[in-house]
Amino acid sequence: MHKSRSHTPLDVLKDKSALALKESIKNIDSYTHVRGESLYVDDVNVREGTYYSVVFDSPKAHGRIINIDYSKAEKLGGVARIFTYKDIPGENQIGGIIPDEPLFAEGEVHFWGQPIALIVASSEFIARQARRLIQIEIEELPVITTAKEAKEKGKFINAPRSFILGNTEKAFKDCDYIFEGETFSNGQEQLYIEAQGAYAEPLENGSIKITSSTQGPTAVQKTAARVLGFPMHKIEVDVTRLGGGFGGKEDQATPWAVMAALATYHLNQSVKLILNRHDDLRMTGKRHPYESSYKIGLSKDLKILAYEAEFLQNSGAAADLSPAIAERTLFHATNSYFVPNVKSTVISCKTNLPPNTAFRGFGGPQGMFVIESAIANAAANIGVSPSKIQEANLLGENDEFSYGQIATGVEAKNSWKAVKSIYNLEQIEREVEDFNNSHSDFKKGLALMPICFGISFTNTPMNHARALVHIYQDGSVGISTAAVEMGQGVNTKMLQIAAQLFSIAHHKVKIETTNTTRVANTSPSAASSTADLNGKALLKACKALLERLKAVASEALNTAIETIEIKDEIVYANGKASDLSWNTLIGTAMLKRVALTENAHYATPVIRFDKSKEKGHPFAYHVYGTAIITTTVDCTRGTYVFDAIKIVHDYGKSMSKGIDLGQVEGALVQGVGWMTMEEIAYGEDGRLLSNALSTYKVPDMFSIAKTIDVVPLETTGSDMAILKSKAVGEPPLMYGIGAYFAIQNAIKAFNPNYKLKFHAPMTPEKVLMSLYSR
Ligand code: MTE
Ligand code: HPA
Ligand code: MOS
């Protein structure tokens, strides 16, 4: 498949600069990406005789299976076998948090697209043909597609949870203003470019190797072992990189990998399973839609004294990650504001949709949309700008979050002030006003959006990682961690850590694939914590090796170890360059039989959470920032453009500026898409209507802001962040929430009768209706 290469990426890095340690680094994948040489699951060299497979899934959202006739499909030439739950030697169970999800449906189906069988054939084409020959008879049962209906019918995933601070009931009595309202935010398709997929191959003695496009190699390994009735050591999972995950492959990469492994187990042959886009869209869960209600109370001077919110999470037909996502909604229910009296409750409602799952922000955005709606509603009723209320309530140092953590290193006010002065907010406001005064067919709207996002897995036991470092005898270095590269640039960050600590050239360091036999028992790459957790473990391993090498140098140079330093691949003693280079030092260490391999473990210190009290200190630190979003609405058509999005973002001390800027921009675009144009639609029968890219619109080059400016907030960083470079993967998505409110304000400027709506996404159709609503 791959053409011969004229030169390797290593050569290029070498040509450019052997020791480019100080200069800002490019994503190490960019070279193979632009040449189409980066490897994904579908690029794995398959063994002779490999089978291809397609999932047969439920054509109804809820029902009892009366009969399935596989006979025609089985007879089709090229079909090897069709596997169902009956072929599972272990447990037919893939639920991670709650064991409520079968790999293959047994007697009942609970969502449209639920896997029932795996058709394995000599080609994918034949497997797809065979799928059409399967006849299924289903006795239909009532279908629930909304959280509210599920609540009314008492269908829940688990017990509700509440976070409580102060006493809202008492506090509402002291409020000058009280407002109540309801909000809705829709789901969102992760739309990773590489669809879900896996390739399983038999190893000797019945072991199986799975190459998977997963954020969670251990989850795949553990679940495959469970379904096959294997010990975990018989399953090896390997990941080179993902063509995007965005949370959609934290849990939901697992079933496909397990199905491929199941077929391999029975056939003793390699099996590939790669979903096409239609199958992927139909069968996998998305961001959770939320139906929420709130009550907000303020004093005359616009201080929020009390806030209550109830979040109805549309969890879908099984738990998947819903309980953890629900939890994060509560953690972010007050965004970057200090509210002394809070009561927030989340209810995970069971519906007949595919189990909804992680998506960048992990329930946080859904929580934040509600308080921003409450503030906008309060502002409209009081007759002030929402930004007045936002500004009056920004979190301060030592304020308490509703979950008991005391906020430190708070940058909420700093980023707010910075965004106002750096971008000259007053002038932007004047321009918007002038424009609106002089135009009747177009109106501008503006909104500010502060963010505050907690960094760590909310589930404390998940905050750990390991790194395995080999220094080879020629001085090159190989690194294995649990970090999965999915486009976020974590491999580049890992490489930087090692190269910087050893003070060696980037091309001397290789980041190995993520593999469960080299680094075991890992948490998924998620929660924006991958670089922190794996990077800290890596730093620890590299430091241990460096100490060992310094001891070798100290002996070789006959000087105290404290005087030894390695700079740009040269060993220095007492500040003077010696004739020992990195390479000769490694050679010497080898001759002296010094271990050139190290394995280190890191577990985030300090964090803790007591679920029985719903209090603790769950986050290592928080990430802050503020955005200004301006939009122009075409009041004849209802269409809109974003004129500019101007951000001050808290990177801490960014270790990879280009990568981190890419993360801010990418997350922002996804946030704006979620709030404005990405519209997931299910029919009342539970069928996905937005089932293709022609019916599901994501932002493109033309539909995102004309300009995006991101200025780093000058901060000291956090010691809990890797090299003080704060986590950046998810937080900036929530700047996109501002886009919703900017549009609301533009509509209001056109139509004074307009009553603000809090029903996202704000699609052009909805805008048009709102412009002319009375
Ligand atoms: N960026 C790219 N290009 N592709 C992705 O799939 N996933 C996001 C974010 N940025 C993602 C991404 C999500 S959901 C998370 S949790 C983080 O990256 C995970 O990586 P990190 O922990 O290294 O930030
Ligand atoms: N974020 C992302 N994934 C997770 C989390 C979290 O906080 N907890 C469990 N899985
Ligand atoms: Mo990200 S939603 O934590 O994978």
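**Note on the two ligand sites**

1. The shell around ligand 2 consists of six nonpolar residues, one polar and two charged. Here Ala, Val, Leu, Ile, Met, Phe, Trp, Tyr, Cys and Pro count as nonpolar, Asp, Glu, Lys and Arg as charged, and the others, Gly among them, as polar.

2. This is a predicted model, in which local features need pLDDT of at least 70 and side-chain atom pairs count only at pLDDT 80 or more, while totals for chains, interfaces and linings use all residues. Residues are numbered from 1 along each chain as its sequence is written, chains are lettered from A and ligands numbered from 1 in the order in which they are written, and side-chain values use heavy atoms, with hydrogens and water left out.

3. Residues around ligand 2 (a heavy atom within 4 Å of it) include Glu250, Ala324, Arg328, Phe362 and Thr458. A nitrogen atom of ligand 2 lies 2.9 Å from a polar side-chain atom of Glu250. Oxygen atoms of the ligand are 3.1 Å from a side-chain N or O atom of Arg328 and 3.1 Å from a backbone N or O atom of Thr458. Taken alone, ligand 2 exposes 260 Å², of which the protein buries 97% (Shrake-Rupley method, 1.4 Å probe).

4. Ligand 1 is surrounded by 16 residues, the closest being Gly245, Phe246, Met486, Thr530 and Gln663. Its shell divides into four nonpolar, 10 polar and two charged residues.

5. For ligand 1, an oxygen atom lies 2.7 Å from a backbone N or O atom of Gly245, and an oxygen atom is 2.9 Å from a polar backbone atom of Phe246. A nitrogen atom of ligand 1 is 3.3 Å from a polar backbone atom of Gly487. Alone, ligand 1 exposes 520 Å², and the protein buries 92% of that.

Notes: A polar contact is a pair of N or O atoms within 3.5 Å; within protein, one must be able to donate a hydrogen and the other to accept it, and residues adjacent in sequence count only if both atoms are side-chain atoms.
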